[in-house]
Amino acid sequence: MSPSFHIPYILPTALLALALVLKLPTFLRASRDPDVRATTLLLIWATAVLVVITPVNIERLNVLTGVPNIASPWAYSFLTAFCATGLTMIMRWREPPSVRRRRRIRRIYWIYAGIVAVLWLTFILADVPTARVYDLDTYYAGTPWMREHILLYIAAHTVSSLVAVSMLWKWFPEVANRWLKAGVVFLQLGFASGLVFDVAKTAAIGARWSGHDWDVLSTQAAPPFALLEAALVALGFIVPQAGPFVQKWVRDRREYRRLAPLWHALSSLTPAAAEARFGPWTPLDLRLLQRRQRIHDALRMLGPYLDPVLYQRAREAARAGHGVPEADADGVAGAVTITAAISAYRQGGPSVSPVQGPRGGAVVGGHIEGIASALHRPRILQDVRRRMTSTESAHHHG
């Protein structure tokens, strides 16, 4: 048996297992949340299905238990649980909490629990002595009780896929949230892939009953669609929950890096006693909060040295330049003012005398990100300073 044959099984299984591992901390923190609990269960069932149906694991189960084809009721039970959880999650998304919704969800769980029980009963009653790794469905298509066992799981899967596709199709135009909309698209594609799987399996079994050999539909055409369904449906439920988190993380990461030049420029001013050292595993939002706080603490210390007159002159020089957009002039002026204030603070120079109008700290504090961005472009700051010096010299000589 070629190891490369199992790669299509390994990849989606590994992705689902990774998603499950990433979801576990959320589950441990919010295990009482029905959506979190259902998503975790969905990932567990999907991962379990793919683990069990991998050919090498089917053989291992047969050997370890001594029961030929024992992987069949295990895999089909997990698949049935996966279908039930998927349907109930769609219902939770579509409908607000109500007694009616709770009763429908409970009814679905009971129906599919009954299907799982019947799957095991039919397997126990069936006579399937020959272990079949790849073609169990078609090989035993005419065997009493095993025939019912196979048809039951296909019927349960087909019904759940049809109901899911129908509900999602009706719901899609009403979805406004882009992450939820993306999740619905993944789910539609996933359950549609499941229907292709069911059609291929049913056609192969029907061909066996009529004396034809269409086993290739069951052994080669159907499995890729089962793998695709598991991956797409899992993504459909993960994306709406993980998407906003990832979006916020990217936004925080961008701001964290954007504030770095200003933070480095002010870092020598923050009192050592106030510093709290965070490790590499500290959540990003906490590190961003600390960086913002240190910047504002340092600006308060620099307050007496922030010259509002210098700020206005730098702003006018920046707006007069050709390389600085008007929207960035405040950031450039703030960077010039802060740099001068840091120099005065370190040299122990006198503070700026109060003048009429807003204090420098109040003006600068409203343009933190623009200032950090300007500090990352020293050539623009040099050009503004040079223009300010030229203007001052012209006024002086005039």
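Buried means under 20% relative accessible area, exposed means over 50%, and partly exposed lies in between (1.4 Å probe, protein chains only). This is a predicted model, where local features need pLDDT of at least 70, side-chain atom pairs count only at pLDDT 80 or more, and totals for chains, interfaces and linings use all residues. Residues are numbered from 1 along each chain as its sequence is written, and side-chain values use heavy atoms, with hydrogens and water left out.

**View 1. Trp74 and Trp120 form an edge-to-face pair.** In the pair of Trp74 and Trp120, the centres lie 5.3 Å apart and the planes stand at 90 degrees. Trp74 sits in helix α4 (residues 71-94) and Trp120 in helix α5 (residues 99-125), 46 residues apart. Helices are DSSP runs (H or I, at least four residues), numbered from the N terminus. Trp74 is partly exposed at 38% relative accessible area. Trp120 is partly exposed too, at 24%.

**View 2. Trp93 and Trp171 form a tilted pair.** Their ring centres are 6.3 Å apart, with planes at 45 degrees. Trp93 belongs to helix α4 and Trp171 to helix α7 (residues 146-171), so the pair ties together parts 78 residues apart in sequence. Trp93 is buried at 17%. Trp171 is buried at 6%.

**View 3. Ring pairs build a cluster.** Its members are Trp45, Trp74, Phe78 and Trp120.

**View 4. Arg132 lies over the face of Tyr139.** The distance to the ring centre is 4.1 Å. A charge sits over a ring if NZ of Lys or CZ of Arg is within 6 Å of the ring centre and within 35 degrees of the ring normal.

Methods. Phe/Tyr/Trp six-rings, centres within 6.5 Å; stacked < 30°, edge-to-face > 60°. Helix = DSSP H or I, 4+ residues; strand = E, 2+ residues; numbered from the N terminus.
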